[in-house]
Structures are given as structure tokens and as C-alpha cells.
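Me: Please take a close look at the side-chain contacts in this model, beginning with the charged pairs. Then set out the other links and what surrounds them.

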Amino acid sequence: MWGGFHDGILMPPRNNPVTDVSSNDIVCNVGGTKGAGVATVAAKAGDTIKVQWDSSTHPGPITHMLYGPVGSAASTSGVGAGWFKIDEQDYVSGKWANEIMEAVNMTHVFKLPSKLASGEYLLRSEMLALHGSQTLGGAQFYIGCAQLSITGPGGACNPKISLPGAYKASDANIYIPNFYYGLDPTTYKAPGGNVATCS
């Protein structure tokens, strides 16, 4: 990842999860739609990104999305259409993403798409804790966004989604009554649709 700890990250005021998927907080967490005063970090299409989260024993996936290009990431809320998923880790070899991350100091590594238009972007990292998903509205979304200025060769990424809008509290990958008793985790796919194709 880039530079120093927390560089370019829109830090929420607290570490509480977002549970209302219809709220604007589902975009970049509480207060995450205001990026003024936060550095926008330079990156290149195809760069390797490493994120680090606080320790979590709650089972669930991690996903990453981009929003852009926009004129200014610092003044872009990210609310609405234009997000596309670039990375997803669900349940692999008998372990949820959080368990895999725990083994490497709660880090996760992925690559930016190699075909991106130059411009500023919001990068959204989401850990979804599913231990409470047996109850409607019980799934817990931990979200953080960073501001990037990406240099790329050009390209368009699809499919795109809207946040809020793409997630429903009753979706089968958010509300899972049989999470501990009957779910086959190898079939699980995180919210947000498929990882985008960029070309």
C-alpha cells in the first residue's frame, strides 16, 4: 500500500458497523462522504494495494470497489451510481476472509485493474461480518474509503452499481437465517455483484 498509516483514508469517527444498507453511510461509513482535508494518493493502474483492518473474529468476506474517474475525489460523496467491484474474497479452503487475514496481520492484497482511465477515484474497502446475519438487519458492514489519483491507459469497467441501492437488507447474502445451521459457505458470494471487467 501507499506511504504512511492512514494516508488518503476517510477515517470514520468510530469503529461501529453500518447496519442500515439504505443509508448513505453504506457508501464510505459515517462521515465518509466528506473528503476535504484528506490527502489524495497517487497510484497507477495495475498497482498492488495492501489494506490492513483491525482484528476481527467475525466470519465474512472482504470486497473492494472503485468509484470514478471524477474531477476531485475529495469533493465527491460517492453516493449514487458508478461503483464497480475490483476484488472479492469470500470463503476459501475452509476459511472466511477474516480468518485468512488474521493469519497475515489482518492484511489483504489485491491489484487495481490494469485498464483504468486516468483521474481521481474513491477506493472502498468493505468487511462484512455475518455472525448476526441470522436476523434481518443484523449483518454488520465495516467500511473505509480512500482517495486515489490513478494514472492509467484508459478503459471502462462494468458492471456498475449504486450505493446505496445495490444492497437490500433481505438479500440472500446479507440476511442468512441458516448461517450457522445449513449454509454451504463455499457457495457464498459477497454483495455488490460480480467483479467488474475493465477493457
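Reply: E126 and R124 are both buried. The model is predicted, and what follows is computed from it. E126 and R124 form a salt bridge, with 2.7 Å between the closest N and O atoms. The count of salt bridges comes to three.

K85 pairs with E88, the closest N and O atoms lying 2.9 Å apart. K85 has a relative accessible area of 1%, so this residue is buried. E88 has a relative accessible area of 17%, which is under the 20% limit, so E88 is buried as well. E88 also forms a salt bridge with K189, where the closest N and O atoms are 3.9 Å apart. This pair links distant parts of the chain: E88 is in strand β5 (residues 80–89), K189 is in the loop between β12 and β13, and 101 residues separate them. With a relative accessible area of 44%, K189 counts as partly exposed.

The structure has six aromatic pairs. In one of them, the ring centres of W96 and Y188 are 5.3 Å apart; the planes stand at 75°, over the 60° limit, so the pair is edge-to-face. F179 is buried, at 8% relative accessibility, whereas Y180 is partly exposed, at 44%. Y91, W96, F179, Y180 and Y188 belong to one aromatic cluster.

Next come the covalent links. The structure holds two disulfides. One joins C28 to C145, with an S to S distance of 2.0 Å. The torsion about its S-S bond is about -80°, so this disulfide is left-handed. C28 lies in helix α1 (residues 25–28) and C145 in strand β10 (residues 140–151), so the bond ties together parts 117 residues apart in sequence. Both C28 and C145 are buried.

The other disulfide joins C157 to C198, at an S to S distance of 2.1 Å. Here the torsion about the S-S bond is 115°, and the link is right-handed. C157 is in strand β11 (residues 157–158) and C198 in strand β13, so the parts tied together are 41 residues apart in sequence. C157 and C198 are also both buried. Counting bonded cysteines along the chain, the pattern is 1-2, 3-4.

That leaves the second largest pocket, with a volume of about 150 Å³. Its lining is made of N15, W53, D54, S55, S56, H58, M127, L128, A129 and Y142. Strand β9 (residues 119–129) gives the largest share of that lining, three residues. By type, the lining residues divide into five nonpolar, four polar and one charged.

Methods: Residues numbered from 1 in each chain as written. Predicted model: local features only at pLDDT ≥ 70, side-chain atom pairs only at ≥ 80, totals over all residues. Heavy atoms only, no water. Phe/Tyr/Trp six-rings, centres within 6.5 Å; stacked < 30°, edge-to-face > 60°. Buried < 20%, exposed > 50% of the residue type's maximum accessible area, 1.4 Å probe, protein only. 1 Å grid on protein atoms, 1.4 Å probe; cavity = no way out; pocket = protein on both sides within 12 Å on 5 of 7 lines; lining within 4 Å. Points joined across faces, edges and corners; volume = space filled by probe spheres on them. Helix = DSSP H or I, 4+ residues; strand = E, 2+ residues; numbered from the N terminus. Nonpolar A, V, L, I, M, F, W, Y, C, P; charged D, E, K, R; others polar. Disulfide = S-S within 2.5 Å. Salt bridge = Lys/Arg side-chain N within 4 Å of Asp/Glu carboxyl O.
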